[in-house]
Amino acid sequence: MAISICRANAAGPALTDLTGQMRHPLDPAGKTASVLIFYWHDCPICNTYAPEINRITEHYTNFNFFIVQVDPDLTVTAAQRHAKDYDLRAPILLDTHHVLVNLAKATTAPEAVVFSDHRKILYRGRIDNLFANLANKRSEATEHDLRDALDAISEGKPAPRQPPPVGCLIP
């Protein structure tokens, strides 16, 4: 199965997910907003976040979530194996040409970017503060930035903070 990028339309770029379903990740599809979580399968920080990403996607059902794999060399088979190994539950898109990376101006994996239905970026930043920096992981997060942002956006308010993510740089 090949993952392809189709032409953009009013809903934005279309990409095929790992199941072969065509997705429009910038279109909230009747939900509050779209959340793209930029992810690098070889990044240990990303992989540490897999359970939290699942918890967030299961809790915030009023948002449309996508995990965007950013490695241009990642194959569909390897991405499927990785998704199974880490029990990733949100739809996964391979952004081999960095179409979504460029639109979101994502620089780091993991990085969350929330788009409104008009493709306005409502939040861009870290998931939480579990990692103080690349070398220091806390025993647990004390700030839950993405959750706080999703709560605020759900209430029609601006995201309270947009701290930079800690993780692997997206080339």
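Where does P110 lie relative to β7 and β8? This predicted model places P110 in the loop that links β7 (108-109) to β8.

**View 1. A cis peptide bond sits between A109 and P110.** Look for the bond joining these two residues, where omega is about 5 degrees.

**View 2. Strand β8 is largely enclosed by the rest of the structure, because five of its five residues are buried.** Follow the side chains along the strand: E111, V113 and F115 point one way, while A112 and V114 point the other way. On one pairing, β8 runs antiparallel to β4 (33-39), with five bridges between them, and F38 stands opposite E111. Strand β9 (residues 121-125) is also antiparallel to β8, joined by four bridges, and here A112 has G125 as its bridge partner. Five residues separate the strands of the β8 and β9 hairpin, and R119 takes a positive phi near 65 degrees.

**View 3. F38 belongs to the largest nonpolar core, which has 54 residues.** F38, F63, F65, V114 and L150 have the most contacts inside this core. Strands and helices both contribute: β4, α1, β5 (63-69), α2 (76-85), β6 (92-94), α3 (99-104), β8 and α4 each supply at least two residues.

**View 4. Helices α1 (residues 44-59) and α4 (residues 145-154) come within 11 Å of each other, axis to axis.** Their axes cross at roughly 10 degrees, so α1 is roughly parallel to α4. From α1, E52, R55, I56 and H59 meet L146, R147 and L150 of α4.

**View 5. A29 and D87 each have a positive phi although neither is a glycine.** Most residues other than glycine have a negative phi. A29, with a phi of about 50 degrees, is found in the loop between β3 (22-23) and β4. At 55% relative accessibility, A29 counts as exposed. D87 has a phi of about 55 degrees and lies in the loop between α2 and β6. With a relative accessible area of 38%, D87 is partly exposed.

How values were computed:
Residues are numbered from 1 along each chain as its sequence is written. This is a predicted model: local features need pLDDT of at least 70, side-chain atom pairs count only at pLDDT 80 or more; totals for chains, interfaces and linings use all residues. Side-chain values use heavy atoms; hydrogens and water are left out. Axes are lines fitted to C-alpha atoms, for helices over the stretch in contact, and angles run from 0 to 180 degrees between N-to-C directions. Angles under 35 degrees count as roughly parallel, over 145 as roughly antiparallel, 65 to 115 as roughly perpendicular and the rest as oblique. Contact means heavy atoms within 4.5 Å. A nonpolar core is a set of buried Ala, Val, Leu, Ile, Met, Phe, Trp, Tyr and Cys residues joined through side-chain atoms within 4.5 Å. Buried means under 20% relative accessible area, exposed over 50%, partly exposed in between (1.4 Å probe, protein chains only). Two strands pair if DSSP finds at least two bridges between them.
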